[in-house]
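Here's a quick walk through a few spots worth a look. Have the viewer open and follow along.

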Amino acid sequence: MLIVLKNRKSLLSIWDFLKGKREVRFINYLMEINTLKVECYSSQQQKSLMLCLNSHYNDYIEDISFDLALTPNGFSEFASDSKSLGAYKSMYYPLAWNIRLVTSNYETFKYSTGKNITIGIIDSGIDFQHPDLAHNISSLGGSFISNDDNHYDSLGHGTMIAGIIAANGDLVGIGPDIKLASYKVFDEGNAYSSAVIKAIIQAVNDHVDIINISLSTWKSVNENAIIKAYRRAFKYAEDNNVLVVASSGNEGVDLTPPTNSKEQHGIMIHMPSGFQNVITVGATTISNCYAPYSNYGSNITISAPGGDLVVTDNMVDLKRFIVTTFPTTIPQSKLSREMGLKKGFTPMIGTSLASSHVAAALGVLKSYYLNQYGREPRISTLKKALVKGSIPLQSSQPNCYGVGIVNLSNSLRLLQKM
C-alpha cells in the first residue's frame, strides 16, 4: 500500500506503529514526496492494517491506497512470438518511416544527435548487449522489483522503447548519441505504482534529462493516495528541471477529465498520462492520421508515430508497423520473420512507441540548446519548441489529439530563435 503523509512530523508516529506490526514485511520511505510504501505478507493482512491506520492515525495520513498495477502501452503480442550517412546506409532505412517523419529524413542529425543527454526509461529493462544499443547504455538506473536485482529485459518492451530513442547500428534512432538509463519496474507484464514512483524519484536524483514512461493504469478519483503520490513525484521532477513523457494508452477512449463534480464521482482516470506536469502522447499512423487504438482527449499534449494494424484479405500490412530493437536472447516473432528482419528486431505498434519518439525529440532539443548556449534550458522552453514545431494532424476533432505530430526539424529551427 501507499501512505501519503500530511507532513514530515507524521512520519515517526506512523513508522513506530508499522515497525511493531508482525504482518509488515517491508517499509520504504520515499522522502522526496513524503510517502510510505508498505508491504505485508498477505493481501488480507494489508486490508486489516489499512483499516487500522484509517481508524487510529487519520490525523497523520493525507491518503492511503492499495498499490496499483500498470501495464505496458504496446501490443506485445506482435513482438512476443558520421551518423547521418549511417542512417541512409542502414538496412532498415526503407522501413523506418517513423524516424524519417520525425527527423525530416534525418535532417536533424546536422544539428544534434543527442550528445550529453540521458533518458531514463521506466520499463521492463533493456538488452544491454544489443549491438545497436550497447554503446548508448548509461551506468545509471536499477531494478525496482522486490527481490530482483536483475536489470536485463526478459520481455522486450523496454528494449523496443530504447531502439526508437537511440538505436545506432542497423537501425538508427532519433538521437543515436543519447545515453539510456534503465529503471526496471516489471518483468511479467505488470508494474506496481510504488515501483514506478520510486523509479521516477531515483531517475530525478540521478540527474537524467528526460523520463519516458510507456505504462498505464486506471484509478478511481475517489482513491487519492496513489494519485497524490504520482502528482508529488511529477512535481519533484519538474522542480528539478526533468521532463516526464508518458504514453496515452491503447484503449481508444476519451481521457478528457470530467468538469462536473457529479460526473467525477466514481470516475476512473488514466495514469500516469494526463497529469499537468507530464507530456502525454497519442499515436498516429503511417498516413498521419490518429491511430484508432490510441486514447485521446483534451489532456493529450502531442502525437507521434505508433503504427497501425490493417488486415486486407487476411494479410497484415506489415509496412504500417514500426520496426524497432528487441532482445537478442528472445526468439523472433512470426511477423518479424515474415518481414525478413534479423534477430534482435521486431515490428510493433502502440502508444508506447509514440511516447518514445517525443522523449527522444526532447532529448535532441536539449542537447542542441546545451551545445549552442552552454547552459541548461528551462523545461518550458523545450516544451514550447516541441509544441510549436508540430505538424497539423488531419482530424474532425482537433482538440482531442494534442497540437499535432511531433516534428523535430521544425522544433530545432524554432529553438534557434528562442
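Tyr230 is buried, because its relative accessibility is 0% and the cut-off for buried is under 20%. Bear in mind that this is a predicted model. By the ring-centre rule, the count of aromatic pairs comes to 13. One of them joins Tyr230 to Phe275: the pair is tilted, with 6.3 Å centre to centre and 40 degrees between the planes. Tyr230 sits in helix α8 (residues 224-239) and Phe275 in the loop between β13 (268-271) and β14 (278-284), so the pair ties together parts that are 45 residues apart in sequence.

How do the accessibilities line up? Here are three residues side by side.

| Residue | Relative accessibility | Class |
|---|---|---|
| Tyr230 | 0% | buried |
| Phe275 | 8% | buried |
| Leu51 | 59% | exposed |

Leu51 belongs to helix α2 (residues 43-56).

Phe17, Tyr57 and Tyr60 are linked into a cluster by ring pairs. Over at Tyr93, the charged end of Arg100 sits over the ring, 5.0 Å from its centre.

Now for helix α11, which covers residues 351-373. From first C-alpha to last, α11 reaches 33 Å with its 23 residues, close to the 33 Å expected at 1.5 Å a residue. Is α11 enclosed or open? Of its 23 residues, 19 are buried, so α11 is largely enclosed by the rest of the structure. Just after α11 comes Gly374, with a positive phi of about 70 degrees.

Technical notes
Residues are numbered from 1 along each chain as its sequence is written. This is a predicted model: local features need pLDDT of at least 70, side-chain atom pairs count only at pLDDT 80 or more; totals for chains, interfaces and linings use all residues. Side-chain values use heavy atoms; hydrogens and water are left out. Helices (H or I, at least four residues) and strands (E, at least two) are DSSP runs, numbered from the N terminus. Buried means under 20% relative accessible area, exposed over 50%, partly exposed in between (1.4 Å probe, protein chains only). The expected span of a helix is 1.5 Å times one less than its number of residues. Rings of Phe, Tyr and Trp (its six-membered ring) pair if their centres lie within 6.5 Å; planes under 30 degrees apart count as stacked, over 60 as edge-to-face and the rest as tilted. A charge sits over a ring if NZ of Lys or CZ of Arg is within 6 Å of the ring centre and within 35 degrees of the ring normal.
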